[in-house]
Amino acid sequence: DESEIVKVNVATNKNTPPKTLKNLSTDKSAYIRKVIAENLNTPIETLKILAIDDCNAVRKCTAENLNTPIETLKRLANDKDKDISKSALFILSVHED
């Protein structure tokens with residue numbers, strides 16, 4: 001629907017204010033939350049919350065965001081979903097270099 005398209009456009013825009021990204025991070029659509037988790041401007045506190053989302057795709061995108069805090073990545077490295085765990089371990093290795 002149109003409102004979903006607008007939300008996706010806002011969520012993917014690099015100029016969207018962090019407060020707006022935070023507000024969208026609680027959207028009922030897992031796809032919107034996933035896109036928020038991918039956005040490098042998403043506030044750290046919001047990434048911490050997205051890291052415990054019920055949706056695996058949201059957690060995986062959070063694990064792949066270079067701005068996700070180290071302690072959150074360490075927790076995601078132990079995620080029951082192996083793809084999430086691998087993503088978090090890879091980003092942790094990038095931070096170590």
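## Salt bridges and cysteines in a predicted model

(Buried means under 20% relative accessible area, exposed means over 50%, and partly exposed is in between, using a 1.4 Å probe and protein chains only.) The model is predicted, so local features need pLDDT of at least 70 and side-chain atom pairs count only at pLDDT 80 or more, while totals for chains, interfaces and linings use all residues. Residues are numbered from 1 along each chain as its sequence is written, and side-chain values use heavy atoms, with hydrogens and water left out.

**Salt bridges within helices**

- Side chains of opposite charge can pair when their charged atoms come close.
- The structure has 7 salt bridges, each defined as a side-chain nitrogen of Lys or Arg within 4 Å of a carboxyl oxygen of Asp or Glu.
- One of them links lysine 48 to glutamate 45, with 3.2 Å between the closest N and O atoms.
- Both of these residues, lysine 48 and glutamate 45, belong to helix α4 (residues 44-50), where they are 3 residues apart, about one turn of the helix.
- Helices (H or I, at least four residues) and strands (E, at least two) are DSSP runs, numbered from the N terminus.
- Glutamate 45 counts as exposed, at 51% relative accessibility.
- Lysine 34 pairs with glutamate 38 in another salt bridge, and their closest N and O atoms are 3.1 Å apart.
- Helix α3 (residues 30-38) holds both lysine 34 and glutamate 38, 4 residues apart, about one turn of the helix.
- Glutamate 38 is partly exposed, with 41% relative accessibility.

**A salt bridge between separate parts**

- Aspartate 79 forms a salt bridge with arginine 59, and the closest N and O atoms are 2.7 Å apart.
- Aspartate 79 sits in the loop between α6 (70-76) and α7 (82-96), and arginine 59 in helix α5 (residues 56-64), so this pair ties together parts that are 20 residues apart in sequence.
- Aspartate 79 is buried at 12% relative accessibility, and arginine 59 is buried at 4%.
- Elsewhere, salt bridges that share partners join Glu45, Lys48 and Glu71 into one network.

**Cysteines**

- A disulfide is a covalent bond between the sulfur atoms of two cysteines.
- With a disulfide taken as a pair of cysteine sulfur atoms within 2.5 Å, the count is 0 disulfides.
- Cysteine 55 is partly exposed at 22% relative accessibility, whereas cysteine 61 is buried, with a relative accessible area of 8%.
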